[in-house]
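Hi,

Here is the model I promised to pass on. Have a look at it first, and my notes follow below.

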Amino acid sequence: MNTSDETTLLERFKSRISAGEKIEPKDWMPERYRKQLIRMISQHAHSEVVGMLPEGNWITRAPSLRRKISLLAKVQDEAGHGMYLYSAAETLGVDRRELIEQLLSGQAKYSHIFNYPTLNWADIGVIGWFVDGAAIVNQTMLAKCSYGPYSRANLRICKEENFHKRQGYEIVATMAAGTTEQREMVQDAVNRWWWPSLMMFGPSDNESPNSAELLRWKVKLHSNDELRQRFVDLTVPQAQAVNITLPDSELRYDKKTQHWNFGKINWEEFWNVVKGNGPCNRERMAARQKADNDGAWVREAAVAYTMKQRMNR
Amino acid sequence: MKNGSDHGTKNVLVEFLLRLGDDRLILGHRLSEWCGHAPILEEDIALANIALDLLGQASAILHLAGDVEGKNRTEDDLAYFREATQFKNLQLVEQPNGDFAFTIARLFFFSTFNNLLCDVLQKSSYETLAGIAAKGFKESSYHLRHSKEWMLRLGGGTEESHRRMQNAVNELWRFTGEMLVFDEVETELQRLNTIPDLSTIASQWSGAAAAVLTEATIIIPFRQKDSGQAGNHAVSGSRHGFHSEYLGHLLAEMQILARSYPDAKW
Ligand SMILES: [Fe+2]
Ligand SMILES: [Fe+2]
Ligand SMILES: [Fe+2]
């Protein structure tokens, strides 16, 4: 393909984006667009899968049968989200195994939030409320993104995340209205998860290397700071409704802007966790690697069996 | 049973429901341990799906057991506030998961049994139980299909998967005998026409299991009661609260939070 062809295609691509059209797998797209999407979608998929671990940690200790069943169903949903997303990434010409190997080798990233431990049962409620809540804010935007398969995957995921968030908040509300110990558990979990949840949206856009390009291509439609603000505005009244204190002394409502102002985020902590030095990075990776190693003979057997069946036909 | 007023009838019925409920609770719990750690993502989902079905059945059955008993015990009281010796599940379901072959072989043995049992129980004159069994029949048909497919894949896959499956079957076999034995509890409920006749289940189970094992090229172990091989004897007593040491640890984990704060609502 010569450069003038390429220029025409690029112009057409840009005008489709600005007209709000969806780009589909068979359409022409710039290599950078494809690369950026593969990176984003696979990171998102890995996050769903690694995200099963902190919550999975409480399935066997859930305090009632109803809670046990709903937590297991939730973690199962996250595995489903991982599957939709790996499939969405595969439409861009990579395969799932390749992506999983990037995760296992440490080359690919996943959301930093899943490197924090779940220490008491209230963590399960607070993760649903904060972490699924933050994911909804982000994914509601991504459901409108320019790449068709990713947009549709997010639409589907959002429906379930909303359910997760409600379920989490319900655990929090129940415990907050419960015994003194239960209230203490909730407050402790809120104190530990609040700031890391705010970090989930990523650093300010002027410090986020990919943001401008992603916004131009409508892969993202809002800046990280806008999304973070939306999350804070949604969450503060919910905390007040259950009489739980968010651990930020600078939290103030600004009547003029109609937004909640909040304190400074410790980005040093964020980068430290992203680089692999969070409280549970090693454990999360070790758990994924163990599952993959222990499962190797099973996957080989499935392939061998299918081959034999084919030859016998 | 038309009503639960007769004292002796009530006791056998509660006993029978605990056996049913506890099997499903404990196996559901074991399967849930796989979630996040399975060989492929599809299997995280499938095993969780089966665990959810079993836990749902357990919850409904234990709820009913509490109702029939009439001492105001909920399904959670029964799940979280009984001691190991008060549990009536089979030792089969409380064994640790082992490798994937062990998990699958156990699931296949239990699902074959569960499917046959639910098929009979859905014809019970006791309607609440018949309803639960009808749902359990549909669900266990899927569990059976799923585990059977893996029995064939692992049995006929690679040398390693075949070896692991054969080991799993050998290890598990001694736990299957007592699953097929019904005692005075079931006999009494049959006599009262609360549940239909269960006497064909054992032979149907043996036939169905043998067919799949043969197709999976797995050698069927002897019933060890006859083989007389040391350490390989068939286990018994689960239905009366006699268990392996594993159950206590499983319950310690499962019950820790509920028991630490007995007055709390979650
Ligand atoms: Fe998710
Ligand atoms: Fe979620
Ligand atoms: Fe199901």
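A word on terms before I start: a helix here is a DSSP run of H or I with at least four residues, and helices are numbered from the N terminus. By that count, A:Pro149 lies in helix 7 of chain A, which covers residues 148–176. Keep in mind throughout that this is a predicted model.

Staying with that proline for a moment: is A:Pro149 buried or exposed? Its relative accessibility is 11%, and the cut-off for buried is under 20%, so A:Pro149 counts as buried. Setting aside neighbours within four places in sequence, A:Pro149 is in contact with A:Ile23, A:Glu24, A:Pro25, A:Ala88 and A:Thr91. A:Leu85 is 64 residues away from A:Pro149 in sequence, yet their C-alpha atoms are 8.8 Å apart in space.

Now the metals. The iron ion (ligand 1) is held by A:Glu48 (OE), A:Glu78 (OE), A:His81 (ND1) and A:Glu161 (OE), with distances of 2.0 to 2.2 Å. Along the chain, these donors follow the spacing E-x29-E-x2-H-x79-E. The angles among the 4 donor atoms run from 85 to 138°, and the site is classed as irregular. For four donors to count as tetrahedral, all angles would have to lie between 85 and 135 degrees.

B:Asp53 is part of helix 2 (residues 41–69) of chain B.

Last, the interface. Here 44 residues of chain A are in contact with 47 residues of chain B. The buried area between the chains is about 3900 Å², and carbon and sulfur atoms give 72% of that. There are 13 residue pairs in polar contact between chain A and chain B, and the rule finds 1 salt bridge across the interface. B:Glu42 forms a salt bridge with A:Arg96, where the closest N and O atoms are 2.6 Å apart. On the chain A side, helix 3 (52–56), helix 4, helix 7, helix 8 (180–199) and helix 12 (281–312) each supply at least two of the residues that touch chain B.

Cheers

Notes
Residues are numbered from 1 along each chain as its sequence is written. Chains are lettered from A and ligands numbered from 1 in the order in which they are written. This is a predicted model: local features need pLDDT of at least 70, side-chain atom pairs count only at pLDDT 80 or more; totals for chains, interfaces and linings use all residues. Side-chain values use heavy atoms; hydrogens and water are left out. Donors are N, O and S atoms within 2.8 Å of the metal (3.2 Å for Na, K and Ca); water is not among the atoms, so sites may look incomplete. Four donors count as tetrahedral if all angles lie between 85 and 135 degrees; four count as square planar and six as octahedral if opposite donors are over 155 degrees apart and all others between 65 and 115; anything else is irregular. Buried means under 20% relative accessible area, exposed over 50%, partly exposed in between (1.4 Å probe, protein chains only). Contact means heavy atoms within 4.5 Å. Buried area is the accessible area (1.4 Å probe) that two parts lose on being put together, summed over both. A salt bridge is a side-chain nitrogen of Lys or Arg within 4 Å of a carboxyl oxygen of Asp or Glu. A polar contact is a pair of N or O atoms within 3.5 Å; within protein, one must be able to donate a hydrogen and the other to accept it, and residues adjacent in sequence count only if both atoms are side-chain atoms.
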